Each structure stands twice: as C-alpha cells, then as structure tokens.
Amino acid sequence: MHKMSFTEKSLVEDHILQKLKVKGWTYTPAENLERESFEEPLLNANLVRALEKLNRNLSITEEEIKKVINELKLLSTGIEGAKKVLNFLKFGVPIKFDRDRVVKFVRLIDHEIPENNEFISTRQVRFQGRDQIRTDIILYVNGIPLVNIECKNPANIAENWMNAYSQIKDYEKAVPELYKYVQIGAAAENIARYFPIVPWADEVRTHEWKTPELDSIGSLIEILARETLLDIIRNFLFFRVEMGNATKVISRYMQYRAANRMVDRVHLNLKGEEKKNKGLIWHWQGSGKTLTMIFAAHKLYFSSFLGNPTLFFMVDRIELEDQLYQEFNALDIAKPEIIGSITALKKILCYDDYRGKRGLFIVLIHKFRPEELRLLQMELEEVSKHKETIMTRRNVVAFIDEGHRTQYGLLAGQMKAILQKAFFFAMTGTPIAKHGRDTYSEFSYPPEESYLDRYFITDSIKDGFTVKIAYQPRLEKDVHLRKELLESFLKSEFEEIPEQFRENVKEEVRKRLNVIRLVLEDPQRIKVIAQDIAKHFKENLDGKFKALVVAGSREACAMYKRELDKHFPAKYAEVVVTYDKKDRGKRKNLFKYVAESRARYGGRDFKDIRKDYVGKFKEDDFPRILIVTEMLLTGFDVPILQTIYLDKPLKEHRLLQAVARTNRPYKGIKEAGMVIDYVGVLKEFKKALAMYSGDDIKGALLNLEELKEEFLVVLKDMLVMFLEIPQEYTRESLLKAVELITLDTRREDEFVTFYKKLRKLFELLGPSELKVEFFEEYKWLSGVYSYYLKLVRQKSDDEAYIRKYYDKTVKFVHKATEIKALEQDQPIIAFDEFYLQKLQERIKSIEEKAANILFVLNRLVLVDRHKNPIYESIIEKVERLLEMWKEKNRDYERIYTNGKETFAIIQNLLARQQSLGFSDMEYSLLLELEKQIDGKEELPGKVKDFSAKIERLLFSGWIHQVTVKKEVERELRRFVRGLKARYGLSMEEMNDLHHRLIENIKNYGN
C-alpha cells in the first residue's frame, strides 16, 4: 500500500464533493456517467429523461425532444451560441410542436421546484476537443454541465487559485463545445473564487462569496446549493456589453443578498405574512447598486407571485436616466421604456382603463409635478372606488435610485399619492438623516429596521470591489477659499445649488454664492491651478489613468479647457456641461468652447458631442481629462478614472458621491482613488460630512499622509519577516529570504500580497517623498520579490506591464545597479536534458543549486503530474524533497543530491520509455507493476501483450460504453490473476494492484 500524499484531491476535491453531497448533489464517478463519447459534453440520456419529466404538461413527444437536443448541439460555440444557451437555461427552448402547430417553450430546468431536477457531481472527467482535458469537478443539472471547479493543492508552494483560474481559461479554448454550456467557473485552493464562463475573453472578473461564519470554500458551496445555483443562473447571470465587448456579469454576494431581500419583502407582503412594503438598500458607491436594482427587478418581473407587474425606476437627473437605460441596454435582459414627458406618464398611468401599463419604466421624478397630475389623481381616486386601478394595484414596485433631493417634497408626495399600494425600495450609497429630509424614516422602519440591507465602505474595500479614496490639499496658500467663505458654505442649510436654480434662492444665500462664484471664475486663479493640474497629471497619471476636473461653474469649465490646452495637446481635455442658447450672452468662454466643438463636429448638436466625449473617455485613449461642474458626479462608473481635481465646494452626500467616482478598481494596479483639493473643503471634511456618524463614513476618505503611514506600516510588517537576514543584494541573502518565505504557504501568500500593495502605494505616493528614509528597504524588498518570482514561480513580471503602470519602481528600483545586475545574472534555466549541466555551470553555491532544482521539480512534477506517468511515479520523491526544504536545519547538499538523483530518474525513465516504444498508458502500467513486483525482466513483455489485447477497445470515449468498459475490466482481471499466480501475490495485493492499474488505463488509455 502507498503513503497518501497531500494533493488537491485529498485536500480540496474530496472536501468539496463531500459538502456538495450534503447539499443534495448525487456523486457519480466519471466512468459511470451516461456519456456517448469524450467529444459530447451533454449527458444525453439524462437530458432526455429530464425533458420528458419537466414538459409533460406540453404533451411533449420524442420528436420534440430530438428538436430540443438538436437545437442545443447545433448552436455555435461563439458569442451568439453561448447567449442562446443561457437564455434557454433561463426560459426554455422555443420549439414548434407539429401536432399543435404552435411554438412552445420546452423547459431544460424547473426553476420553480428545484427538487424536480437531477443534480450530479463528478470528478476527473475527460473531454476531447482541439486537445484533451481532464476537469477536476463538473456539476451537471439534467445532464447539462453548468459548473466547472478546478482545484489546486493549498500545501504546494507553486500553486494557488490563480493557477486553477488560468487552467479553466485554457480549457475554454481547448474544448469550446463544453464551455458553450458551462456557465460558472470556480478556482479553489485555500481561497475559492467564482466567475462567469466567457471563453472569448482573455480575462474575466473573479469574485469571492462571503457567508457569515464560513471560510472561502464553505462559502463557495453555498452558491452551489441547488436552489441558489438555479436562482443565480436564472436571475443573477447575464450577458453584458462592456466597452463594446461582449462578456457576462454574475452577482456579487451582497447584490444577491440585497436583491433577494427586496423580492422576499414583496412576496411575504402579498402572501399576508408581513406588512412592510418598503426598504432602504445602503451599499457604498461603486459596489454595484444599479445592478442590484436590476437583478431584483428582473426576478420580480418574471416571478409567478407578482403576476404581470409594473416596475418603475425613479431617478432625479437626466444623466442618471441615460446611464440606467444604457446599463439595461448593455445586458441581455428585458428592456425598460423611458417615460419622456408628463403626457407619456399620464398615458402609462391611465393605460388599460386606469389599471396602468405593465412592464419596466424609467422616469424622472420631476414628471410627478402636482400641478400637472392633480386632476389625474382625483380621477383615479374616483375610479378606484369601483374597480382596480394603478392606485390600488399591489403588483407595482418603485425603485428609487439616489433620489436624495427629491424624495422628501411635493414631487415625491404626488408620486406616492398616485402609487398608493406600490412597494418602494431606495438604493443609496449616501443616505441623509436630516430634519425634513431623512432617508431612513422615508424608506425604512427605524429604530427596528434602519435598512433592509447594508454594505459598508470598509467591507467594499476589503472585498476589493472598491478602493480607498485619498485626498491631498494643494496650493493651499495661493488658491483655497478664504476661511470665512468656506465656513459660510459648510454651516449653511443649502447644498451645492445648480446654476439654473440659483436665481430662485434667498437673497443672502445668492450673495454668498456670487462671492464664491467670482473666486472660482477668477482667470488668474484658474491659470495657476491648471498649471498644477498639468504637472500632477503628467507625473502621476498620463498613460495610466484618467481624471476629472470639477470646476465651480460652467463658465469656469470652459476657462479650464483654455488653460489646460496650453499644457497638453487639445485632444487631452474636453468639457462636459449643459448648454442652451440663453448662455450665449452670459458666458462668453462657454459659448466660444461650444462653437469650436460644433465646428469640429460638423455642426452637430452640442448634446450629441457631449455624449461622444463621455463615450471616448470611457473607451478610447483620448480625452484623458473631462472638465465638469454638475454632470458625471453621480452614477459615472469608469474604472480608469483615478483622480478628481476638485475646485468646487461640495458637501454631504454630494461630496461623497463625487469623490466616489474614483473608487473603482482598475486592472489590479489602482491602490486608491485620489482627490486633489483646490478649494479647501476636504481639510474640513468632518464638517463637510457632519450629517453622518463616524462609523457610517469610516474609511470613506483618507488624507494622503494616512497613505504614507500605511506604506510605512506595510513596509515594516514585511521587514519583520526578514529580521535575521542582512539587506544585501547577494544571492546568498536573497536566497535566505526566499527560504523563509517558502517555509509555509500562508507566509508566502502574505509576502506576495504585501509586496503588491507596497508597490501600488509607492507609485501612488511618488518616489521623491519616499527616497529619504525608507527607499533602501523598499528597494531590497523589490529585489527579494524579483528573485522569488524567478526562482520559485519560474517567471518574471511582465515587462511592458511593469513599465507602463509601475514606472517609478522601474525608474528608481529596477534600474538600480544592484537589482539590474541581479536580474541579468539570474537566468531561468530550462528543464531539459542539459538542465544539470547548465545548473552546474551557471550557479555556484550549493544553497542556490538546491533551491533551483527543488522548485523546478516541484513545478514540473507536482503541478503537471497528471500529464505524464513518469511524473506520477516520482511524486513521493519530490514531496520528500519539499519536506526536507521545510526542515529547520535543512541539508542543502542532501536536497541537491536527491534532486539530481530524481532528475536522473526522470531522464532514465524517459529514455527507457522511448527504447521500449511504450505509450503513456503502457508505461504507466509497467511502472505500477514494478512498484510491487521487483526486478522481473519479463514484465515489459507481459504489459505489451496485455496492451495488444485491449488496444481495439480503447477508442475515444470507451470508458462510457458499459459493455466495452466491462470487457476491459475482464481482460485486466485475467491479466492480474496471472500475475498473482506467477509472483505469489496475496488476494489483497491483487485487488489493490487491479484498482491502481484500472485507474491508469482510464487516465492514459485513449
């Protein structure tokens, strides 16, 4: 019997499959699946049975079942085919029934009663496409493969969840027919991350599910619980177009939780089990509130309990209306109708004899003007006495999107007077708690329930859905607002007031606004700030990130454009503001800019030009800076936007909403969004955000000085790891550091995570400020990281990527003499027949030789062991080498000597396989036999004879042909019995040998 090694199978696969069994999944070994061949991803027999069972009410016949299966199989493996498959899984396959001569939707899955479906888990399934692959875990629902989980060994130095993720991305290309059906991928090690299957995309966002009191693997199992998985497939997974490219979006855990809480509230209320009919969803800006709202709306729209509903999306700005509509259009989902006028709103409310039109509608809250709708309200009240109307219907739901300034007055009152029985759910990242304007009392049930669901700023940053936001006051003495003006703004009851409403405010308020406006439109002041913006942008953002300039007025926006054009090519910066003919005489700079823009665009309307600027900012290289005053400060989600240059006094939720435009992660390189403050409001940010409690806004904004402190904390934490190691650039010192890192996988993960964070902070803060006291330490840690990548991971950082995004590290660290020499003198030695010779020539110290051969063998044998029977035969030898490496007093000579012996074994085994002319299957059998039957020269001949007997049976997919599989097993049993008799094996030894040999035939015999 053999010692059990610590593998992904024993540590991860077994654990996941056992937990899935508890969740109701039936485990079936791969060879027992009802498959026709390795090329066929579907379990056809299972699918046929499911179609018959789930569609009896349609009187489905064998003919229609054939049509369904043909429809699935004939779909292309590209984008359109995958889109259709997902819709088929959600709603069924449209098939024409010849007998009835009508098209009916044939269900692939019963979403209403999960128990009506068949749920099968299996492992180590082979699939044949352009190449052959062997998946770790596949989950089938009704014979359709929906989930692929790839596992990695958490005890292995060279493996983590990223390797598993990369493996699935490789598999997508190797067997596209399989991944036409698979919807969710999961990469599991100590950490488990899930993601939508998008075969045509090189990269896709991955997420980690969070369930209270469960670890990462345990939380993954919760997604895969039968009811949850089907819910996600139908209601929380969609095709999406991002930056012109097709992809898929899948729910994050807090989106799933919040959307279902809204759905459950509606359901329980309608069933009479709960009286509550509203709720507040408080999720931090950037965590995906719009999608949460859309997920909930989709589920409600197709729910059986709500019937044929009316769903309203209430917004308070035209730009939010456009953005919400664009988000819907980006998704392969039921599309909403924009209510473009008060007349259109009246028609929708009066539709179907006052019952109201059914469907999804986006409407500006300003359409609910009491003076326009008072008569309609009275009509509805009268009609409602005799029949059902929009006023009395209960299957009406209104989602309120960030409507702070409009949900407490006459407009909101009129809306609620008409939609009296509707459910109301408010989505916000910045609730208000002020007398007369209290988001909590309006949409929740304080003190019993302050919110239906909440997702904190710190949660979002910790989960990686958003990044921190840092601020830096600049040019304080030269351009900041005078203290008395700033105090006046912060103490006043008014917030930032849009220009078009300023004429209607009180005289004393208007005076203060005018004084501030004169300061913010001072040409000399704008000139000084523009020069500073240009300097900061060129040094920190250009070529990496983009920026917004938030100016004090529309006229100031045009002035900033003129000044920035002196420092950049004209294509760098554009203005995004509203404009109409009334501005012509009042705002000469704005008028001139609009005229020039229209001339460039052949006389097009400025509104269309403005949309073009915004689209290009999101998707193209230019413009790199947008200049705004009111537009884009809410709902503008652009990950490449990293810095806001703030030259406008903002406060409360408007301030939080504006600065949060910078908090979207970008390519793993953005450590924080940055707000450069030219008015001084962020020096007083506690006063500016006085309406929030400290806990509510904890972590919302950090002073740049706090990021410097964070840099030093991370730096010192890393240095503590290496207290006993001299900070020298000798290979001896760096090797000692790597030895320490690789003592256990947790420390290794910490080192990699900390260094990446440190590097992002270094780039963000700028090298000049860090050179003085701690630059040498940072440089040394960079050397350790570089050495670690090449030695342990057998790779280096992608050079072009590093040059683009970490130019300060390259300029001040990687170009340093010590590290440059180190990188040039540290070649990756290819593992080939000349490996030992090159190792001997290029590396002098025994310590480094031992490390090099150990990590090469680890990657080759333990990571790639399934690819070659030779590797599988020496797993225990390499595992023993790893154990020796982790010993406190490691013996380098012994590790190196044993490593050389292991390398020699590989070379000898390879040469012997070639001389015997054995296939991988034949050689795997011989190596297994020689473990138990020593020194028998006749064994190769016996293996060859046995192979010849079963060769005709080992066609592609033989393992799924029951009669063929039984015949192979009979021949093997006969073969093993002969060995038992000849070599005196016990019955237990014979059975053990039979089990191991049949596994090898399954693995390599096709």
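Tutor: A residue is called buried when its relative accessible area is under 20%, exposed when over 50%, and partly exposed in between, with a 1.4 Å probe and protein chains only. The model is predicted, so local features need pLDDT of at least 70, side-chain atom pairs count only at pLDDT 80 or more, and totals for chains, interfaces and linings use all residues. Residues are numbered from 1 along each chain as its sequence is written, and side-chain values use heavy atoms, with hydrogens and water left out.

Student: How many salt bridges does a search of the whole structure find?

Tutor: In general, side chains of opposite charge can pair when their charged atoms come close. The criterion for a salt bridge is a side-chain nitrogen of Lys or Arg within 4 Å of a carboxyl oxygen of Asp or Glu. Searching the whole structure gives 58 salt bridges.

Student: Are Lys468 and Glu671 buried or exposed?

Tutor: Both residues are buried. Their side chains form a salt bridge with an N to O distance of 2.9 Å. This pair links distant parts of the chain, 203 residues apart: Lys468 belongs to strand S20 (residues 468-473), and Glu671 to the loop between helix H25 (652-659) and strand S25 (672-677). Here helices (H or I, at least four residues) and strands (E, at least two) are DSSP runs, numbered from the N terminus.

Student: Which parts of the chain does the pair of Lys73 and Glu40 link?

Tutor: Lys73 and Glu40 meet through their side chains in a salt bridge at 3.2 Å, N to O. Lys73 is in helix H3 (residues 62-74), while Glu40 is in the loop between strand S1 (26-27) and helix H2 (44-54), 33 residues apart. Lys73 counts as partly exposed because its relative accessibility is 29%, whereas Glu40, at 12%, is buried.

Student: Which residues are linked in a network of salt bridges?

Tutor: The network links Arg265, Glu274, Lys276, Glu448 and Glu449.

Student: What should be noted about the backbone at Arg101 and Asp352?

Tutor: Arg101 has a positive phi of about 60 degrees although it is not a glycine. Arg101 sits in the loop between strand S2 (93-97) and strand S3 (102-106) and is exposed, with a relative accessible area of 69%. Asp352, also not a glycine, has a positive phi near 55 degrees. Asp352 is placed in helix H12 (residues 342-354) and is partly exposed at 40%.

Student: Which residues does a cis peptide bond join?

Tutor: Phe622 and Pro623 are joined by a cis peptide bond, with omega about 0 degrees. Pro623 lies in the loop between helix H24 (606-619) and strand S23 (625-628).
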